[in-house]
Amino acid sequence: MRWDAIHQFVPSFARGDAIGDHVAFIRDHLRANGCDSEIFVGTHNEDTSPETIDLEDIDRYVRPRANTLFLYHVAQASPCAQVLLERSEPLALIFHNFTPPEVLLQWDPSVAFELLKAQDQLADLVEKASFAICDSDFNAQVLSRFGDVHSLVIPLPVDAPKNFELTNEHAPTVLFVGRVAPNKGIHDLITALAVLKQGLPEARLRVVGSSTSDRYDKAIEGLIENLGLSDVITLTGWVDDAQLEREYGQASVFCTLSDHEGFGVPLVEAMVRGIPLVAYANTAVTQTVGEAGLLLTSKGPAVVASALERVLTDELLAKRLCASGHRRSSSFSSEKVAGALDQAFFGGRS
Amino acid sequence: MSDSESDANYFKEVVAEIEAEAQRRSSSGEYPRALLRSLDEEFRRWIPDASLENGVEDTIRSIEAAAYVDPAVPTSSKSPLGRCVKWAVRRLTYFYHRHVTQQITALGIHITRPLRLLDASLKSVNRRLSALEDRLDVDAAARSELLVGISISSSFDEFSEVLGQHFNHVSGRVLVGDLPNAQLLKSLRNEGVDAYGVASSDTPIQETVDVRHEHLFDHLGDLANQSLGGFILCGIPDYGSVNEQLRALRLLLLRSKPGASVAVIVLHPETWRKRLSPVATDLLHGRPMHTETWSYLLSREGASNIRVAESSDSSCCLITASLL
């Protein structure tokens, strides 16, 4: 199929977040291949507004009767959904999955209800969509519960950064990168560190990412204080790209005990940088990590602490994890992802 | 075999080794049991209890706000003609839009009313659950009536010396509860033990000793984890239900530091049976647990040096131990 334009729709657009970077990657790739491509947003973001078009201006940019495909990134409830349902242009979905509302109900009920709304919207969108692109097999399985739509699995692209260097002059550092939210299991990491310190008193944990829940913030801050870990656990909050690279550079091991991942970009970011990986095996984590990390079937603090201590003290194991992760990360190169997207959009033409 | 396959097999073996190692360290005490015990409870403290209440209310309010639809269609336009046309269309179709929006608003009300009922019902269930949590024993009232006026507590005067030695080198405070009288506490303090009592009975206890007049469970609920140097559990093992006895032990273990010295004083089950009437023995289904059971429970928590001593008249027993 030859599309003159493929426009993307996204609830909101931010740089440095997994979906935002994915949207920008697709736009740049399409434009580089001569296809008209814009980003329409449901919620205006001042920081990225030069790159985006507000949803209400859609008619000023979309030419009627042109051969245009709309791509909608499904991750949360958005006014985009209603607009897309009413338009006549063909629609494809990129499904990034949602956090299960039941996980958030206790912490942020209003967010949980918003996610229910997003699920309702998805059920309607699936009926209209010609096909869907899912970040992982796990997401494709989840999507199939919303209706029958042809799904392709194409991961998110992650490339090796230029001039990245791991430094070994720091104390043994466990790194987590991602949103600070209840489903990400930060509290499990904290309790694991409390146990890890019994064997490795110099170990520390850095949690890099912005928070989405004040209540959860308070809980983990209280937990850290009560366990006497304030001097060894750092919650950095949001960091820019340069700081993120420094955080990866200082990491001795990357660990995630998340209960729900649709893909897990930071897992690949760690692998591509040669950082050994310890993760709780569930949802899409198992598929993303493949055979390149220590996948734990329990996230009990004793098991996680033993795993972290083993990686931090067993140099041969750490090296093998690094090499294996690096090999695995090549499956997510932007070149491969771009090829798969061309196949999906144009049947192989780029 | 490819590198990936070889790595995968190796990593699986390592994970199995790690799980075995974690198990070994947990049971040997290398990972302190007190710490492992406390981690879950520590986080649970911070999970919001009543978050649903306001959250559902807020959500219902937002549904109500969203259910109101303004029938006045916007008439703004880039050109004056467009504005005029839109205004005219709005005037002409107003009756129609008003009819539709009224139905949508009614639908919103129909949806939010049952939601409000559901919310109220959830809150009521939450309240009842909270009350039930502390009253799992449905015979609590009958038991309380029977307990009034009968003395079934152990006599622990003759254990004073042993307890004094057991708690002599403890670092931190020693809780004695549920305290029937001040005698044991006084003798412990005379032995130099930094002990304090918790007494839930209404009987006043001399204020010269440090005694908190509150329910043992309330007191333990307010204590920080790993704050006690040791404890002597008494009273509750004589008259508490099995659930109360196990709960008291569980909380005391959580609140004790690693290495704490602990003791349980309990009536011999046979003595208990002889002292009570058939009605009381039937209805007070707590029944003191055997010393073997207390020893088992303590050893299961990794306690060491578990010793059992019997009073000279064999009416009650003392179990002492040290936590890892």
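Modeller: Two strands pair if DSSP finds at least two bridges between them, and strands here are DSSP runs of E with at least two residues, numbered from the N terminus, as are helices (H or I, at least four residues). The model is predicted: local features need pLDDT of at least 70, side-chain atom pairs count only at pLDDT 80 or more, and totals for chains, interfaces and linings use all residues. Residues are numbered from 1 along each chain as its sequence is written, and chains are lettered from A and ligands numbered from 1 in the order in which they are written.

Biologist: What makes β11 and β12 of chain A a pair?

Modeller: Strand β11(A) (253-256) and strand β12(A) (277-280) share three bridges in the parallel sense, and the criterion asks for at least two. In β12(A), A:V278 is the bridge partner of A:C255.

Biologist: How do you know that β8 and β9 of chain A pair?

Modeller: Five bridges join β8(A) (173-177) to β9(A), again in the parallel sense. A:F176 stands opposite A:V207 of β9(A).

Biologist: Why are β10 and β13 of chain A called edge strands?

Modeller: The open sheet has six strands in the order β10-β9-β8-β11-β12-β13 (chain A), with parallel pairing. Strands β10 (233-237) and β13 (294-296) of chain A each pair on one side only. Neighbouring strands of this sheet are turned by 20° against each other on average, direction ignored.

Biologist: What makes β9 of chain A mostly covered?

Modeller: Four of the five residues of β9(A) (204-208) are buried.

Biologist: Why is α10 called oblique to α13 in chain A?

Modeller: Helices α10(A) (265-272) and α13(A) (315-329) pack at about 120°, with their axes 7 Å apart. Angles run from 0 to 180 degrees between N-to-C directions, and axes are lines fitted to C-alpha atoms, for helices over the stretch in contact. Under 35 degrees is roughly parallel, over 145 roughly antiparallel, 65 to 115 roughly perpendicular and the rest oblique; α10(A) is therefore oblique to α13(A).

Biologist: Which residues make that contact?

Modeller: A:V268, A:A270, A:M271 and A:V272 of α10(A) meet A:G325, A:H326, A:R328 and A:S329 of α13(A), where contact requires C-beta atoms, placed from the backbone, within 7 Å.

Biologist: How many residues of chain B are in contact with chain A?

Modeller: 30 residues of chain B are in contact with 32 residues of chain A. The largest share of chain B's side, 14 residues, comes from α1(B).

Terms used. Two residues are in contact if their C-beta atoms, placed from the backbone, lie within 7 Å. A residue is buried if 20 or more other C-beta atoms lie within 10 Å of its own, exposed if 12 or fewer, and partly exposed in between; C-beta atoms are placed from the backbone.
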